[in-house]
Amino acid sequence: MQEQISQKPIISKKKVYIIKDCETMTKEAGNCLLKTLEEPPEYACIILTTANEAKILNTIKSRCMKVSFMPISENEIEQKITEILQEPIDRSLIEKSNGSIGKAIKLQKQKEIYSEVNKILDNIERKDL
């Protein structure tokens with residue numbers, strides 16, 4: 001990215017970079033990004049997305065402007081998931097998604113695993129340990 005960001009845009013006046021799930025960056029990658037964030041070119045816009053701000057380096061957070069989004073309603077998530085995956089989604093998975101369509105999709109795709117884990121936990125709760 002550092003190499004690409006140094007090249008001026010050809011077609012437009014701005015270049016936009018989106019780093020999705022930036023909390024998954026290694027410390028080395030974060031420090032490398034930090035150099036770019038300290039002195040970004042005037043034509044560059046860098047957008048970092050995260051579901052867990054606590055996992056981002058403080059030095060990176062201090063150089064960014066925070067924009068928070070409201071969770072998506074459960075009904076909207078249900079409609080979108082049904083549209084995308086062409087199958088209905090369990091309401092309990094929607095509740096666990098915390099208003100995130102991406103999380104809901106991941107949960108839906110792994111619903112068998114979550115179902116088995118819930119069965120195991122239920123069995124443990126029913127037993128008198």
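User: How do α6 and α7 lie to each other?
Analyst: In this predicted model, the axes of α6 and α7 (residues 111–126) cross at roughly 70°, and the two helices are therefore roughly perpendicular, a label for angles of 65 to 115 degrees (under 35 is roughly parallel, over 145 roughly antiparallel, the rest oblique). Axes are lines fitted to C-alpha atoms over the stretch in contact, with angles from 0 to 180 degrees between N-to-C directions. Helices are DSSP runs of H or I with at least four residues, strands runs of E with at least two, numbered from the N terminus.

User: Within what distance do the axes of α6 and α7 come?
Analyst: Within 4 Å.

User: Which residues of α6 and α7 meet?
Analyst: On the α6 side L107, Q108 and K109, and on the α7 side K111, E112 and Y114, with contact meaning heavy atoms within 4.5 Å. That contact has 3 charged, 2 nonpolar and 1 polar residues (charged: Asp, Glu, Lys, Arg; nonpolar: Ala, Val, Leu, Ile, Met, Phe, Trp, Tyr, Cys, Pro; polar: the others, Gly among them).

User: And how do α4 and α6 lie to each other?
Analyst: The axes of α4 (residues 74–85) and α6 (residues 101–109) come within 10 Å and cross at roughly 55°, so this pair is oblique. I77, K80, I81, I84 and L85 of α4 touch I101, A104, I105, Q108 and K109 of α6.

User: Switching topic: what lines the largest pocket?
Analyst: The lining has 35 residues, with L48, T49, T50, A51 and F69 nearest the centre. By class they are 18 nonpolar, 8 polar and 9 charged.

User: Which element gives the largest share of that lining?
Analyst: β2, with 5 residues. β2 (44–48), α3 (58–61) and α6 each supply at least two.

User: What sort of pocket definition is that?
Analyst: On a 1 Å grid over the protein atoms alone, an open set of points where a 1.4 Å probe fits, with protein on both sides within 12 Å along at least five of seven lines; lining residues have an atom within 4 Å of a point.

User: Which conventions apply to numbering and confidence?
Analyst: Residues count from 1 along each chain as its sequence is written, and side-chain values use heavy atoms, without hydrogens or water. Local features need pLDDT of at least 70 and side-chain atom pairs 80 or more, while totals for chains, interfaces and linings use all residues.
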